[in-house]
Protein chains: 2
Amino acid sequence: MTQPDKATIQAAVARIKPYIHQTPVLSSRSLDALAGAALFFKCENFQRTGSFKMRGATNAVFSLSEQAAAKGVATHSSGNHAQALAKAAQLRGIPAYVVMPSNAPQSKVEGTKAAGGAIVFCQPTLQAREATLAQVVAQTGAAFIHPYNDYRTIAGQASCAYELFQQTESLDYVIAPCGGGGLLSGTALAAHYFSPQTIVLGAEPQNANDAYRSFHAGYIIPADNPSTIADGLRTSLGDKTFGIIRQYVADILLASEEWIVKAMRLIWERLKIVIEPSCALPLAALLQNRPAALQGKRVGLILTGGNLDVGVFFQQYQ
Amino acid sequence: MTQPDKATIQAAVARIKPYIHQTPVLSSRSLDALAGAALFFKCENFQRTGSFKMRGATNAVFSLSEQAAAKGVATHSSGNHAQALAKAAQLRGIPAYVVMPSNAPQSKVEGTKAAGGAIVFCQPTLQAREATLAQVVAQTGAAFIHPYNDYRTIAGQASCAYELFQQTESLDYVIAPCGGGGLLSGTALAAHYFSPQTIVLGAEPQNANDAYRSFHAGYIIPADNPSTIADGLRTSLGDKTFGIIRQYVADILLASEEWIVKAMRLIWERLKIVIEPSCALPLAALLQNRPAALQGKRVGLILTGGNLDVGVFFQQYQ
């Protein structure tokens, strides 16, 4: 497979349309005033299974031939990709095998089970995870769907910015968070083919700045066990996502932990929506850095998901 | 003035349209499964100033003659009506005087100030509040806009269900929370004139069941200092709202504090939106009582607002 082109992305958009939500774009006068720009928040927290991961997983699952699909799909993930892949497989009526570390959060285990996924637990090490996945694939013949370093996944994630460009005219910039780079590379391809005047920026935690360093070094520098509340952004880039990001992304902005929390709270309070910490990166990076070039511009921000434990809030009512 | 009729509500809808948001209607397969009905959530937490109160306040403010408006508007409120009236007055370019108890929550004081309201503090007693308001009105000539017991306010609140009926076809039921009854009576009038096949139900905390008791007694029984986390629903009915509710509302359902918290959390987790406790009443009453008549039906639920202190959640990040 080669990098998704215009036709590939259009095909992905059409393929997943019956199975995903077209998510709304929200805005807020008070946040515009704070940022000095017109902000358009693409709300993937309202996506099925609670995150944009549903797009890539659905495209990958429905791209498989009948013969390949019959054997099911497999992945390793303790996050949003696990739930998304399980749901996409359920929609196609095929099995999904999800390798999870034995210490995965209970909420993610429940969510994946609820979507019909078969969970295979392993020791919480990278080695155990990869060995277990290889074993599952060997035993079942299931197709491995990588959470981000897979062109089918990337083409699906591209549908998010594709939709945003249709919903919101003349965006000068789009900012997407960057973990493994699936969403950011998809966003960059969508802009390149469908809104070429839009400049694409990534946003990453200062405490997990491997994509920033890789981008400026010109080669992949893996994340080294980073510590950030943005738990979806702790992963390293893959060769496929990095190739697209180097080619089509203008820059990567960084945000401190303090600004991530501030931005997350602002989004809860002003937009009245529940988002997970990784979502807050684009706004955090914008407010912390206030890049002069963005002042007065029309800026899209992708909010990636809303899966987090809100129990702390509800303890006060017990 | 008499009860708002069809033309009055249509005029209110047109009058406030430039100043308010058309709020979205959300749904969730998993909540439908829990309730055994198709649920349509009208999201007034996304309304300007964060609640449906903006509708009634805007209608009242823009209903005033030029001469009356020039003297401004006044009210007593420590809740969402205060912010809404201040914002509506700001939009018309006239002063808003808001009488608040000296122990009003800081967030409400800030919100009202941010919307341009002039706050007049008083002792935290009903007597002091009414005396202070009378003084303000006497000194300024401002028009008193009651939070709910005013036909202009009620006609504005009716625009919410009016919109819902346009966005969502063939609703069998609509459930609205009931505090002073402004929203519930507006909803009942909107159904009567624009969706007569829709049955309107109120929802109220068991711990603040004055509307339920009044409805069944046939006369107003005032709330007696009720204790409920649904702080927007502690008020008593007024004669105008009660008259409409008696005539056009089918029944009032009750919900326990436990179910209010459960329903609020379900809405946060499944719909990924921030709502205040009073919002949760329709879903709480539906899940607690599971009325047989509603099974399999299309049910609208009005989510009234999203103004609450989320600080407790963010303490974990400090």
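## Domains of chain A

The centres of domain 1 and domain 2 of chain A, taken over C-alpha atoms, are separated by 25 Å. The structure is a predicted model. In the domain assignment of chain A, domain 1 comprises two segments, 6-51 and 157-311, while domain 2 covers 54-144.

The contact between these domains draws 18 residues from domain 1 of chain A and 14 residues from domain 2 of chain A. On the side of domain 1 that touches domain 2, the elements giving two or more residues are helix 1 (6-16) and helix 8 (151-167) of chain A. By class, that side of domain 1 of chain A holds 10 polar, 5 nonpolar and 3 charged residues.

## Helix 1 and helix 8 in chain A

The two helices named above also pack against each other. The axes of helix 1 and helix 8 of chain A lie 8 Å apart, and the packing angle is about 85 degrees. Helix 1 of chain A is therefore roughly perpendicular to helix 8 of chain A, as angles of 65 to 115 degrees are counted in that class.

From helix 1 of chain A, the residues that take part are A:Thr8, A:Ile9, A:Ala12, A:Val13 and A:Ile16. They meet A:Ala155, A:Gly156, A:Ala158, A:Ser159 and A:Tyr162 of helix 8 of chain A. This contact has 7 nonpolar and 3 polar residues, with no charged residues.

## The corresponding helices in chain B

In chain B, helix 1 (residues 6-16) and helix 8 (residues 151-167) cross at roughly 85 degrees, and their axes come within 8 Å. Helix 1 of chain B and helix 8 of chain B are therefore roughly perpendicular to each other.

Helix 1 of chain B contributes B:Thr8, B:Ile9, B:Ala12, B:Val13 and B:Ile16. Their counterparts in helix 8 of chain B are B:Ala155, B:Gly156, B:Ala158, B:Ser159 and B:Tyr162. By class, the contact of these helices of chain B includes 7 nonpolar and 3 polar residues, and no charged residues.

## The mixed sheet of chain A

Chain A has an open sheet of 6 strands in the order 1-2-10-7-8-9, with mixed pairing. Strand 1 (25-26) and strand 9 (251-255) of chain A are the edge strands, each pairing on one side only.

Strand 7 (residues 173-177) and strand 8 (residues 199-205) of chain A pair in the parallel sense over 5 bridges. A:Tyr173 has A:Ile199 in strand 8 of chain A as its bridge partner.

## The parallel sheet of chain B

An open sheet of chain B contains 4 strands in the order 5-4-3-6, and its pairing is parallel. Strand 5 (118-122) and strand 6 (143-144) of chain B stand at the edges; each has a single partner strand, so one side of each is left without a neighbour in the sheet.

Strand 3 (residues 73-76) of chain B pairs with strand 6 of chain B in the parallel sense, over 2 bridges. Opposite B:Ala74 stands B:Phe144, in strand 6 of chain B. Helix 7 (residues 126-140) of chain B lies across strand 3, strand 4 (96-101), strand 5 and strand 6 of chain B. Relative to strand 4 of chain B, helix 7 of chain B runs at about 160 degrees.

## Contact between the chains

Between the chains, 19 residues of chain A are in contact with 19 residues of chain B. Helix 12 (257-271) and helix 14 (311-314) of chain A each supply at least two residues of the side of chain A that touches chain B. The largest share of that side, 4 residues, comes from helix 12 of chain A. The residues on that side of chain A divide into 12 nonpolar, 4 polar and 3 charged.

## Confidence of the model

The predicted model scores ipTM 0.92 and pTM 0.94. For chain A, the mean pLDDT is 95, and 100% of the residues of chain A reach 70 or more.

Methods
Residues are numbered from 1 along each chain as its sequence is written. Chains are lettered from A and ligands numbered from 1 in the order in which they are written. This is a predicted model: local features need pLDDT of at least 70, side-chain atom pairs count only at pLDDT 80 or more; totals for chains, interfaces and linings use all residues. Two residues are in contact if their C-beta atoms, placed from the backbone, lie within 7 Å. Ala, Val, Leu, Ile, Met, Phe, Trp, Tyr, Cys and Pro count as nonpolar, Asp, Glu, Lys and Arg as charged, and the others, Gly among them, as polar. Two strands pair if DSSP finds at least two bridges between them. Axes are lines fitted to C-alpha atoms, for helices over the stretch in contact, and angles run from 0 to 180 degrees between N-to-C directions. Domain bounds come from an automatic or database domain assignment. Angles under 35 degrees count as roughly parallel, over 145 as roughly antiparallel, 65 to 115 as roughly perpendicular and the rest as oblique. pLDDT is the predictor's confidence in each residue, from 0 to 100.
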